[in-house]
Amino acid sequence: MTDITNKIGPSHLQRTAFVYIRQSSASQVEHNRESTQRQYALAQRATALGWSAQQVSVIDEDLGLSGASAAHRGGFARMTAEVALGHVGIILGLEVSRLARNNSDWYRLLDLCSITDTLIGDADGVCNPALFNDRLLPGLKGTMSEAELHILRARLDGGIRNKAARGELRRGLPTGLVWGEADGEVRLHPDEAVVGALRAVFERFAEFGSARRVWLWFHAESLSFPLQLNHTAQIRWSISRPSTPAAPLLRLTRLNACFRFSRVSAAASSADPVSSGPRRGPPASSQAGSRPASPSTTPSRPARAGF
């Protein structure tokens, strides 16, 4: 596999060299930048092997996508199609796991490479899948890569289950809910404006009987809605318009959080009073007690009705 000079022929150099770059998640793309730089450096290795810079094609469309499946990896699908058409002379990847962590995807690529005489290179060297010995080692690497993904997932799931069995597991809560000090305790948000805005949703829904009319009422009254992104403690107030493309998705997300909120709100004790009025306009601060909620009023119904 390491005898590179005897495997790269004129027919390979006449075709394109593909450099495949992938990280499994957006967090890895942001924090594991050294790995990304090493993968981009493979383009220089392709020129060192004999390909010109114009013949090197870098595929980085799949950055932030898992290699467990090729379903949503457009870059991998495009590269596979080019291999099947015989346009690729070599595929370079940092390691086998960058290309695929699924045996069906990996062996399909190996079969296409063996048929079209396409080479595969990684940190250990260059192999020709058309040769038995060269195909054996990448095949074993692909199997180990898939098994590694299974082991990592089983290890993480086991830790989560053990923590849940002890009652110490805490996941992100919907907007309007926070974790209490006791184990498993879920409380309403300390900011009365946040709780009041969510309660206003249910009050208007009970009055209008339509989620769309509730949304239109919030828009007509210029009321801001609390958003809690990425399960962080910071609250961001937003005024969304129904005409925006993201409005349907935001509407469904917010209502889903509100329905979860109602279960805790109904069980809240009377010792934890909160205001029921929504906040008008973005507040200066979303901390507890920073600004009292406006009193709840019953407005006229919006002009449009129904879904």
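**Entry 1: α5 and α7**

I looked up the crossing of α5 and α7 and recorded it as left-handed, a label used when the near helix is turned anticlockwise from the far one by less than a right angle, and right-handed if clockwise. The model is predicted; local features need pLDDT of at least 70, side-chain atom pairs count only at pLDDT 80 or more, and totals for chains, interfaces and linings use all residues. Residues are numbered from 1 along each chain as its sequence is written, and side-chain values use heavy atoms, with hydrogens and water left out.

Helix α5 (residues 74-84) packs against α7 at an angle of about 25°, the axes being 9 Å apart. That makes α5 roughly parallel to α7. Angles under 35 degrees count as roughly parallel, over 145 as roughly antiparallel, 65 to 115 as roughly perpendicular and the rest as oblique. Axes are lines fitted to C-alpha atoms, for helices over the stretch in contact, and angles run from 0 to 180 degrees between N-to-C directions. Helices (H or I, at least four residues) and strands (E, at least two) are DSSP runs, numbered from the N terminus.

I listed Phe76, Met79, Thr80, Val83 and Ala84 on the α5 side, and Asp105, Leu109, Leu112, Cys113 and Thr116 on the α7 side; contact means heavy atoms within 4.5 Å. By class, the contact of α5 with α7 has seven nonpolar, two polar and one charged residues. Here Ala, Val, Leu, Ile, Met, Phe, Trp, Tyr, Cys and Pro count as nonpolar, Asp, Glu, Lys and Arg as charged, and the others, Gly among them, as polar.

**Entry 2: Thr116**

I then examined Thr116, which is found in helix α7. At 16% relative accessibility, Thr116 counts as buried (under 20% relative accessible area; exposed is over 50%, partly exposed in between, with a 1.4 Å probe and protein chains only). The side chain of Thr116 reaches the backbone oxygen of Val83 at 3.3 Å. A polar contact of 2.9 Å also joins the side chains of Thr116 and Thr118. Such a contact is a pair of N or O atoms within 3.5 Å; within protein, one must be able to donate a hydrogen and the other to accept it, and residues adjacent in sequence count only if both atoms are side-chain atoms. Not counting residues up to four places away in sequence, Thr116 touches Arg15, Val83, Ala84 and Gly86.

**Entry 3: α7 and α8**

Helix α7 (residues 103-116) and helix α8 (residues 132-165) pack at about 165°, with axes 9 Å apart. The two are therefore roughly antiparallel to each other, and their crossing is right-handed. I counted five nonpolar, five polar and three charged residues in the contact of α7 with α8.

**Entry 4: α9 and α10**

For helix α9 (residues 192-208) and helix α10 (residues 211-220), I found axes that come within 9 Å and cross at roughly 125°. α9 and α10 are therefore oblique to each other. The residues of the contact of α9 with α10 divide into nine nonpolar, no polar and two charged.

Eight of the ten residues of α10 are buried, so α10 is largely enclosed by the rest of the structure. Trp215 and Leu216 are among the buried residues. At the start of α10, a side-chain oxygen of Ser210 reaches to within 3.3 Å of the backbone nitrogen of Arg212. Just after α10, Ser222 takes a positive phi of about 55°.
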